[in-house]
Structures are given as structure tokens and as C-alpha cells.
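Thanks for coming. I will go through one structure this morning, starting with the whole chain and ending with some side chains.

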Amino acid sequence: RAKKRRELRLRRNRESAFRSRLRRKAQNERMVAELKQLRVVADDQRKDITALQEHSGVLHSEVLRLRQCLRRRGAGDDECGADLPPVPATISGPIPVASHRSTSTGSGGGGGGGGDGG
């Protein structure tokens, strides 16, 4: 009778260990899949950062160029005034930035960074 209880306990223990290994394997597979997904997201975010940095550099160059034109215009030089758009009274809403996901797999728009516009 004690031997049967021991065998029953050992069998249940083996079954429990088997189920535990199955759960651990399934959890590991889920974690591997999640890791792959997170790597894709991180890669997309790196591309977004690169595209935004490039766009920021282009905008910075444009700001410098426009400041120079405004200085010249204030000094009576209207040479670059023709290419200046009218100054809006207010700016409404955020400036749209094209997402690289809707285009090719390239690194985003042209241009480079920085520069002093002159």
C-alpha cells in the first residue's frame, strides 16, 4: 500500500514536472516572439529619430537663412525679401512631418544636418 502511494506520488510529480516544462517552453516562445516584435519597434523608432534629426537640421538651416534675410530686410536690403513668405499672424497646429513608413525603406528625406545657411 505504501509502495502504491509512492508510485502514485512519483507519477504525479513526473506529470507536474512535464506540464511545468511545457509552460516554461511556451513562455519562452512567447518571450522570443515579443523580443522580435520589440526589435522591430526599436528599429522603426531609430529610423524615426534619424529622419527627425535630418528634418531638424534642414529646418535649422532654413531658420538661419530666414534670420539673415530678416536682418537684411531690417537694414533696408530687400534682396532676399522676394523669397520670404508673408509672416502669419499666428501658427495653428503642429507642423506635419512625413513618416518614413509610408514611403520606401530609405532613411527619409534629403538634406543633411546643420550648416549656417551662408
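Before the first number, one term: two residues are in contact when heavy atoms of theirs lie within 4.5 Å. Take the contacts in the protein chain with a separation of 6 or more; 74% of them are between residues 24 or more positions apart.

What you have on the screen is a predicted model. The average pLDDT of the protein chain is 79, and 64% of the residues score at least 70. The stretch to treat separately is residues 100-118, where the pLDDT is below 50. In the model, that stretch has 23 contacts beyond near neighbours in sequence.

Now the chain as a whole. How many helices and strands are there in the protein chain? The count is 1 helix and 0 strands. The chain has 118 residues, and 7% of them count as buried. Its accessible surface comes to about 10200 Å², with 55% of that belonging to carbon and sulfur atoms.

Next, the helix. Helix α1 covers residues 2-74, which is 73 residues. From its first C-alpha to its last it reaches 103 Å, close to the 108 Å expected at 1.5 Å a residue. Which residues of α1 are buried? They are Ala51, Gly57, Ser61 and Cys69. After α1 comes Gly76, and the phi of Gly76 is positive, near 95°.

Now to charged side chains. In general, side chains of opposite charge can pair when their charged atoms come close. Searching the whole structure gives 4 salt bridges. I will go through some of them.

Start with Asp43. Its side chain meets that of Arg46 in a salt bridge, at 4.0 Å from N to O. Asp43 also forms a salt bridge with Lys47, and here the N to O distance is 3.6 Å. Asp43, Arg46 and Lys47 are therefore described as linked in a network of salt bridges, given that a salt bridge needs a nitrogen of Lys or Arg within 4 Å of a carboxyl oxygen of Asp or Glu.

Where do these residues sit along the chain? Asp43 and Arg46 are both in helix α1, 3 residues apart, about one turn of the helix. Lys47 and Asp43 are both in α1 as well, 4 residues apart, and that is also about one turn.

Asp43 is partly exposed, with a relative accessible area of 34%. Lys47, at 31%, also counts as partly exposed.

The other pair I want to show is Glu62 and Arg65. They form a salt bridge in which the closest N and O atoms are 2.8 Å apart. Why are they about one helical turn apart? Because they are 3 residues apart in helix α1. Glu62 counts as partly exposed at 33% relative accessibility, and Arg65 counts as partly exposed at 25%.

To recap: a predicted model, with 1 helix and 0 strands, and a network of salt bridges that links Asp43, Arg46 and Lys47. That is all from me.

Definitions and conventions. Residues are numbered from 1 along each chain as its sequence is written. This is a predicted model: local features need pLDDT of at least 70, side-chain atom pairs count only at pLDDT 80 or more; totals for chains, interfaces and linings use all residues. Side-chain values use heavy atoms; hydrogens and water are left out. Helices (H or I, at least four residues) and strands (E, at least two) are DSSP runs, numbered from the N terminus. The expected span of a helix is 1.5 Å times one less than its number of residues. Buried means under 20% relative accessible area, exposed over 50%, partly exposed in between (1.4 Å probe, protein chains only). Accessible areas come from the Shrake-Rupley method with a 1.4 Å probe; for residues, only the protein chains shown count as cover. pLDDT is the predictor's confidence in each residue, from 0 to 100.
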